[in-house]
Amino acid sequence: MRKRTTKRRAFTFIIILLVAGGLLLWNYLTPYAPEQQAQSALISAGSVAVEQNDNWISFEPAVVQGAAVIFYPGALVSPEAYSPLAKSVAEAGHPFYIAKMPLNLAVTKGDAAAEIIRVHPKLSFVMGGHSLGGVMASRYAAEHAEQLQGVFFLASYPDEKGSLKGTTLSVLSVLGTEDQVIDMKSYRAGRSLLPDNTLYYSVEGGNHAQFGSYGVQKGDGTPKISEEEQQQLTKSAMLDWLSNLK
């Protein structure tokens, strides 16, 4: 009788551990959801048509006036959260494609850009991303520099596998002064992996999360400007950079 009771208790304990582990994993992998303004930006309006498929969200301007943009989202951030920035850049004539990543982690599909480029053979491209998305975008760019005109980083940096030092790519790096999420040691180390002509832009008062529209991110600094202001400044920096591509 004691053996049966012991077995039942052990079995119950294992079930509890499995359920608890599952809940913890589910909680960890739950992405930051898009805010209302991001949801609104997913609606086609004016000169930009917005469409989605299983692999990306596209923002297509009525008239293309420059390079198209491929964007990799930050870790555990829903791709829809970047729709306000994407739409504003597309309104200036740059097609914008936000890649969808399995589990909302760019590390699971670092080659997401390949299909976007293949499906749009008449376009020229730059690519980049936010946080982890930028790291993974640089890895793709390092191996496929011939497919791109440039790479951009929003609160991000390259690692050794994504070194762009030996390329002729144009590079833009944008960072908020109140960002408390980014690993500054890695960010500084990453600067040595970028071309000497890299353009660095500082968003005064901006933080980590406000490059997207998904609310407060754990551990982030308190912004001194609004989300709209940060994205407007980011858009301006990107458009200036895009306009000077060779």
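Q: Contact means heavy atoms within 4.5 Å; of the contacts in the protein with a separation of 6 or more, what percentage do residues 24 or more positions apart account for?
A: In this predicted model, residues 24 or more positions apart account for 70% of the contacts in the protein that have a separation of 6 or more. The protein has 246 residues, 49% of them buried, and seven helices together with eight strands. Its accessible surface comes to about 12600 Å², and 55% of that belongs to carbon and sulfur atoms.

Q: Why is Ala141 called buried?
A: The cut-off for buried is under 20% relative accessible area, and Ala141 has 0% relative accessibility, so it counts as buried. Ala141 is found in helix α5, and, leaving aside its neighbours within four places in sequence, it is in contact with Met127, Leu148, Val151, Leu164 and Leu169. Its C-alpha is also 9.3 Å from that of Ala113, a residue 28 positions away in sequence.

Q: Why does Ser83 count as buried?
A: The value for Ser83 is 0% relative accessibility, which is under the 20% cut-off, and therefore Ser83 counts as buried. This serine is found in helix α3 and, not counting residues up to four places away in sequence, touches Ala38, Ala41, Leu42, Phe59 and Ile98. Helix α3 itself lies across β1, β2, β3, β4 and β6, and runs at about 30° to β2.

Q: What makes the phi of Leu76 a value to remark on, and is Leu76 buried or exposed?
A: Most residues other than glycine have a negative phi. Leu76 is a residue other than glycine, yet its phi is positive, near 60°. Leu76 lies in the loop between β3 and α3, and because its relative accessibility of 10% falls under the 20% cut-off, it counts as buried.

Q: What makes β1 and β8 edge strands?
A: The eight strands form an open sheet with mixed pairing, in the order β1-β2-β4-β3-β5-β6-β7-β8. Strands β1 and β8 are its edge strands, as each pairs on one side only. Neighbouring strands of this sheet are turned by 15° against each other on average, with direction ignored.

Q: How do you know that β6 and β7 pair, and in which sense?
A: Pairing requires at least two bridges between two strands, and β6 (residues 150-154) and β7 have five, in the parallel sense, so the two strands pair. Within this pairing, Phe152 stands opposite Leu172 in β7.

Q: Why is the β-α-β crossover from β7 to β8 called right-handed?
A: The name applies if, with the strands pointing away from the viewer, the path from the first strand over the helix to the second runs clockwise. Here the chain crosses from β7 through helix α6 (residues 184-191) to β8, and this crossover is right-handed, so the path over α6 runs clockwise in that view.

Conventions
Residues numbered from 1 in each chain as written. Predicted model: local features only at pLDDT ≥ 70, side-chain atom pairs only at ≥ 80, totals over all residues. Heavy atoms only, no water. Helix = DSSP H or I, 4+ residues; strand = E, 2+ residues; numbered from the N terminus. Buried < 20%, exposed > 50% of the residue type's maximum accessible area, 1.4 Å probe, protein only. Contact = heavy atoms within 4.5 Å. Areas by Shrake-Rupley, 256 points an atom, 1.4 Å probe, with all protein chains shown as cover. Axes fitted to C-alpha atoms, helices over the stretch in contact; angles between N-to-C directions.
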